[in-house]
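Student: I am new to this structure. Could you show me how to read it, feature by feature?

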Amino acid sequence: MAMAVYGLKDKVALVTGGSRGIGLDLARRLLAEGAKVAICARKAEGLSAAAEELASDNLLAVPCHVAKEDQVAALFAQAKEAFGRLDILVNNVGMNLFTPGLAETELALWQKIVDSNLTGSFLCAREAARLMRGQGGGKIINVSSTAAHRAAPPMGIYGIAKAAIEMMTKVLAAELAGDQVQVNAVAPGMVKTGFSQPFWSNQDKHDQITARIPAGRLAETGDVVEPVLFLASDAASYITGQTILVDGGSSIV
Ligand SMILES: NC(=O)c1ccc[n+]([C@@H]2O[C@H](COP(=O)([O-])OP(=O)(O)OC[C@H]3O[C@@H](n4cnc5c(N)ncnc54)[C@H](OP(=O)(O)O)[C@@H]3O)[C@@H](O)[C@H]2O)c1
């Protein structure tokens, strides 16, 4: 088990999209830190498998589609009831569908991608802000992507939604700074999860991508989880409204 180094013992965290990938690894690390953790995802089977794997009395797993207002309200109510407060929200849910050019895009497709990535993060941040204000502080961390920084069709709408998440990070940070709520984001490059598997499972594509990364490798989930834990800790209390690029140096070359 990983060592507790971030001072998060007995903190209460909610991680959206916690049934696999980065969110699952983050939930595991938060539990190892001694935090109490609520996770959500849409599919109950994924949540049950995650709960079985994490095997902790300090875990709450709740089915929730983050773009559905009533489900988000119920998720936060359940977390509050179980753990009494909320110290950390990680808006980790994200999804991508390959899209045609914007000129060819149907409204329904646009809406689907914007809803899961952006509207869901807004709805969760709104609930968290209300709870955190009332209890004297907290941390909100949003998971963006390097796709927010470079136009990369056919991931255009995803990139637009992630860029908006980074601006939402600044707006919320400005609004909540006086309430001792810090709001920050991380923007990973490609991370080895099921989400990005179509890119890295093929060796040629994998090699082409890693050739453009100064670090010479794709990110593992832990490469993203550790900066999130730092932002969730008291060590980051004077950092707000920032996005940390977690990209092995891709953005600087
Ligand atoms: N992997 C990468 O290369 C990469 C790179 C840059 C940024 N990111 C970002 O990192 C975050 C995590 O990515 P990941 O690679 O860990 O993804 P992942 O492996 O696909 O996991 C996504 C998680 O989110 C849940 N989810 C998806 N849509 C949801 C919704 N509408 N409501 C509630 N839960 C939902 C999924 O469970 P259900 O399907 O059961 O809902 C799952 O638990 C995302 O924001 C992604 O955009 C990833």
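Tutor: Start with how elements are named. Helices and strands are DSSP runs, numbered from the N terminus. Note also that this is a predicted model.

Student: How many helices and strands does the protein have?

Tutor: There are eight helices and seven strands. What lies between two such elements here is a loop. One case is the loop between β4 (88-91) and α4 (107-135), where L102 lies.

Student: Is L102 buried or exposed?

Tutor: Exposed means over 50% relative accessible area. L102 has 53%, so L102 is exposed.

Student: Now the inside. Where do nonpolar side chains tend to be in soluble globular proteins?

Tutor: They tend to be buried together. In this protein, 49% of the 253 residues count as buried. The largest nonpolar core has 33 residues. L26, L30, V37, I39 and V90 have the most contacts inside that core. At least two core residues come from each of β1 (12-16), α1 (21-32), β2 (36-41), α2 (44-54), β4, β5 (138-143) and α8 (221-232). A second, separate core has 29 residues, including V12, L89, M132 and I140.

Student: What does L30 touch?

Tutor: Leave out residues up to four places away in sequence. Then L30 touches L8, A13, V15, A35, V37 and L229.

Student: How do I read contacts across the whole chain?

Tutor: Look at how far apart the partners are in sequence. Take contacts between residues at least 6 apart: 71% of them join residues at least 24 apart.

Student: Where is A61, and what does A61 touch?

Tutor: A61 is in strand β3 (residues 59-63). Beyond residues up to four places away in sequence, A61 touches I39 and L47. A61 and A44 are 17 residues apart along the chain, and their C-alpha atoms are separated by 8.9 Å.

Student: Last, what is the radius of gyration of the protein?

Tutor: The protein has 17 Å. A compact globule of 253 residues would have a value near 18 Å, so the two agree. Along the principal axes, the C-alpha atoms fill a box of roughly 50 × 40 × 40 Å.

Conventions
Residues numbered from 1 in each chain as written. Predicted model: local features only at pLDDT ≥ 70, side-chain atom pairs only at ≥ 80, totals over all residues. Heavy atoms only, no water. Helix = DSSP H or I, 4+ residues; strand = E, 2+ residues; numbered from the N terminus. Buried < 20%, exposed > 50% of the residue type's maximum accessible area, 1.4 Å probe, protein only. Core = buried A, V, L, I, M, F, W, Y, C linked by side-chain atoms within 4.5 Å. Contact = heavy atoms within 4.5 Å. Rg over C-alpha atoms; globule rule 2.2 N^0.38 Å.
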